[in-house]
Amino acid sequence: MSKLASKRRLISLVEPKSPISEAYRSLRTNIDFSSVDDKVQVIMVTSASPGEGKSTTIANLAVVYAQADRSVVLIDADMRRPTSHHTFRLSNRHGLSSVLSRQCEVEEAVQATDIPNLSIMTSGPVPPNPAEMLASKRMSLLIEQLREQFDVILVDTPPTLAVTDAQIVSTKCDGSLLVLESGKVKRDMVVKAKQQLTQVNARILGVVLNNVKQKNGDGYYYYHYNDANK
Ligand SMILES: Nc1ncnc2c1ncn2[C@@H]1O[C@H](COP(=O)(O)OP(=O)(O)O)[C@@H](O)[C@H]1O
Ligand SMILES: [Mg+2]
């Protein structure tokens with residue numbers, strides 16, 4: 001495995017019995033329980049700053065949903081620093097930016113993976129104006145269309161403190177997960193990130209504490225889920 005591939009290995013796929021994969025499954029269960037009253041079908045992930053583990057979290061969440069026999073599409077709406085094409089080793093020639101700029105149809109941009117039930121819409125070529133694209137009517141229509149075709153739609157976004165993309169996307173989603181790298185983000189940054197989402201009436205489903213430094217037995221991750229509304 002190349003260095004990049006091993007770095008981006010999906011633990012929920014390669015080590016489904018590990019405690020970390022179990023943690024992703026309990027994250028899935030927690031989300032499902034939080035959606036007893038209102039339907040939570042479109043879920044996005046964001047964080048205060050870059051590198052806190054958004055893409056890692058949403059990719060593993062996508063895998064555990066697919067493993068539970070739900071049809072899943074993961075949209076890489078981090079058109080600033082897209083990674084899903086690396087993680088799932090897919091072409092990024094067509095993707096979200098191509099659909100939003102009318103260069104291809106939705107069907108052409110949704111790629112099947114070799115993981116049953118899991119499809120990916122990569123970012124597509126990095127556009128000059130991601131925020132405007134995400135705010136477009138076409139983005140809303142895209143999500144509506146995917147709602148008809150998939151059980152679960154997961155959306156990766158850029159961090160909230162630098163750009164407005166995540167706030168824009170949150171208005172089109174049923175719920176948001178906030179990933180925080182413990183020990184890295186300061187309290188005021190977390191408060192700000194949360195405010196930015198609640199300002200636009202985003203429903204925060206929970207906070208995922210991603211502890212990059214605290215390594216467990218196999219030298220990997222430790223996750224913690226918290227209901228943000230408590
Ligand atoms: N809990 C963790 N432990 C170790 N490495 C991690 C952890 N979470 C993320 N990483 C690694 O840190 C880097 C940034 O994570 P990523 O999910 O791409 O962050 P983001 O999408 O928020 O920018 C990636 O190389 C990823 O593999
Ligand atoms: Mg990312």
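This is a predicted model: local features need pLDDT of at least 70, side-chain atom pairs count only at pLDDT 80 or more; totals for chains, interfaces and linings use all residues.
Colleague: Which residues of H11 are buried, and how should I read their arrangement?

Modeller: The general idea is that an α-helix has 3.6 residues a turn, so residues three or four places apart point the same way. In H11, the buried residues are Ala193, Gln196 and Leu197. Seen down the axis of H11, these buried residues fall within an arc of 95 degrees, so they line one face of the helix. On the other side of H11, Arg187, Asp188 and Gln199 are exposed.

Colleague: What covers the buried residues of H11?

Modeller: The cover includes strand E1 (42-46) and helix H10 (165-170), together with strands E6 (175-181) and E7 (204-210).

Colleague: Turning to Glu52, where is it found, and is it buried or exposed?

Modeller: Glu52 is found in the loop between E1 and helix H4 (54-67), and it is buried, with a relative accessible area of 0%.

Colleague: Which backbone nitrogens does the side chain of Glu52 reach?

Modeller: The side chain of Glu52 reaches the backbone nitrogen of Ser49 at 2.7 Å, and that of Glu181 at 2.6 Å. Leaving aside neighbours within four places in sequence, Glu52 is in contact with several residues, among them Ser47, Val179, Lys184 and Asn210.

Definitions and conventions
Residues are numbered from 1 along each chain as its sequence is written. Chains are lettered from A and ligands numbered from 1 in the order in which they are written. Side-chain values use heavy atoms; hydrogens and water are left out. Buried means under 20% relative accessible area, exposed over 50%, partly exposed in between (1.4 Å probe, protein chains only). Helices (H or I, at least four residues) and strands (E, at least two) are DSSP runs, numbered from the N terminus. The arc is that of the directions from the helix axis to the C-beta atoms. Contact means heavy atoms within 4.5 Å. A polar contact is a pair of N or O atoms within 3.5 Å; within protein, one must be able to donate a hydrogen and the other to accept it, and residues adjacent in sequence count only if both atoms are side-chain atoms.
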